[in-house]
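Dear colleague,

Here is the structure I said I would pass on. My notes on it follow below.

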Amino acid sequence: IFSHCVLACTDTLHCCHFWKMSKPNGMAASDCAPSDKKEVCVSLSSKMDNEGSQGENEAHPEKGHKDFERLSACGVPTLQVEAAQGNAVAQVLLAIHLAHDTNLIGDKDRLRNACDALGVEAMTTFPLAEALYELWLSLYDTPQISLQKVLAIAETGSVLGQWVSGLCLQFGSVFAPRVEEDTAAAMQWFLKASRQDFPPAQLNLSFCYSRSRSGVPADPDAAVLWCRKAAEKGLPAAQNLLGLYHEKGFGLEKDFTAAVEWYRKAAAQGYAHGQRNLGYCLKKGYGVTKDEPAGVEFYRKAAAQGLLSAMFSLGFCHENGIGVPKDEATALKWYLLCAARGSDLAQQRLGCFYENGIVVTKDPKLAFEYYTRAAGSAAGCSWGAFSVGECYEKGVGVEKNMEVALQWYRKAAAVGESFAIAALQRLGESIERLPVKGTVIPW
C-alpha cells in the first residue's frame, strides 16, 4: 500500500533482499507459537476490552531493569549512543533493531553488526542476548537449540522474549536464519508483548494488520490502533508508520498535513525513514509548503545513515537539479553506491548514463547490462524492463530483435509502465486491459 516510502519492519517495500534457507527437519512454525492461538483472531473490540486488564497486571521480567521503559520507545540513534556507554538495555534493543531492518544495512553485514551490538553488559544481563547471538551466527547445524531458548524465555512472560519470538516467525529467513515464517503465529507473540505495553511489539502488530497474509486478513482499524499506541509513546518507527497511514488513507482519512506532523516527530529523533518521507513531502509540497532545498537536506540526513531509498532520491535530485544545483557527477556517485547494494532504480539510471555518455565514456554494452540487472531484480523494475525493450528495438548494446523488444515492453506494460504502453501503441500492438498507472518510480 505504500508507493514511495520505506518501512522499518519491512517491506519492503523497497530495497530489501532476503536470503531463503530450507526449513529444518522437525521444526514447524506452529511449534513456535504460544498455546492461545485464538487471541490473534478475536475481534478488535475484544482486544480493546482485554488490553487493560491483561496489560496492566502482567509484570514482565524486564520491568526491574533501569531505563527499560524509556529506551523501549527510542530509535536506533539514541540506542547507539547509550549502548556505547555500556547500557545493557540499549545494547540488546539496538541489536534486535539492527537485525531486522534490512534497509539500513546490507544482508552481508546485518546480523554480524547485530551481534557486535551485544556488548558484555547485555550478554551478562539478559539470557536472551546469548540465545540471539547463537541464533544469528547459526552456531548450530539447526536453529532449534537457540530458538527453543528464545521461546522458553518468552514463556516466562519476558516481553523481549515475546517480541523476539514474533520477529523470528514474521521475518524468519531474515531475522532468524532457517526458521519457517508464520505471520499468524508471530502475531500471537506480538499481541502478548503489546498487551504488556511494549511499543516495538505494538508496531510490528500494526504492520501485520496492515495487509492480508498467511490467512490473516488485513484490519485497518487494528493496524491504526496499535500503531497509534506506539507512536504516542514516542517510538519513531511507529510515528513514521502512522504518518504513512495518514498519507495513504489507510484506516484513517487521507491527511497529508497530519502525515507531515508524524514524519517530523520521527525525523526529529534521527529516524532515517521519517527523514526520507519528510523530505519527499517537502520536495513535493504535500501537506506543507513546498521547499525543495529543505527536502533534499532531509534526504541527505537519511542517506548519511545508509537508507537506500534516500540515497537514490538524493542522486536523482543531483541529476535533475531538484533543490540543488544540477551535478551529474555527484548523481553518478550516489547511483554507484546504490547499485552496489542492489538498487534496481539506480541500475536503470546507470544504464542511461552509459548509454548516453553522461559524465562517463559511452558504453552501450555496459548500459544494456545495467538495464538487464534492473529488469531482472527481485523487485522487477518496470522502468528497467522498458529500457531493455528499447535496447532490443534500437540495437543498443545488443543485436536488434523486435520480437524480444515487444516481450519486454509487454512485461513492463503489464505492471502499468506508461513508457512501455506508449511504445506498444506506437508499434500498433494491443494494449487492452493494461493498468495505466504511470512510471512506477518512488521519487
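Phe-368, Tyr-371, Thr-372, Ala-374 and Ala-375 in helix α21 are in contact (heavy atoms within 4.5 Å) with Gly-384, Ala-385, Ser-387, Val-388, Cys-391 and Tyr-392 in α22. By class, eight of these residues are nonpolar, three polar and none charged (Ala, Val, Leu, Ile, Met, Phe, Trp, Tyr, Cys and Pro are nonpolar, Asp, Glu, Lys and Arg charged, the others, Gly among them, polar).

This is a predicted model: local features need pLDDT of at least 70 and side-chain atom pairs pLDDT 80 or more, while totals for chains, interfaces and linings use all residues. Residues are numbered from 1 along each chain as its sequence is written, and side-chain values use heavy atoms, without hydrogens and water.

The axes (lines fitted to C-alpha atoms over the stretch in contact, with angles from 0 to 180 degrees between N-to-C directions) of α21 (residues 364-375) and α22 (residues 382-394) come within 7 Å and cross at roughly 140 degrees. The two helices are therefore oblique (under 35 degrees is roughly parallel, over 145 roughly antiparallel, 65 to 115 roughly perpendicular, the rest oblique).

For α13 (residues 220-232) and α14 (residues 236-248), the axes come within 8 Å and cross at roughly 140 degrees.

Overall, the protein has 24 helices and zero strands (DSSP runs, H or I of at least four residues for helices, E of at least two for strands, numbered from the N terminus). Of its 443 residues, 57% are buried (under 20% relative accessible area, 1.4 Å probe, protein chains only).

Regards

Terms used: Buried < 20%, exposed > 50% of the residue type's maximum accessible area, 1.4 Å probe, protein only.
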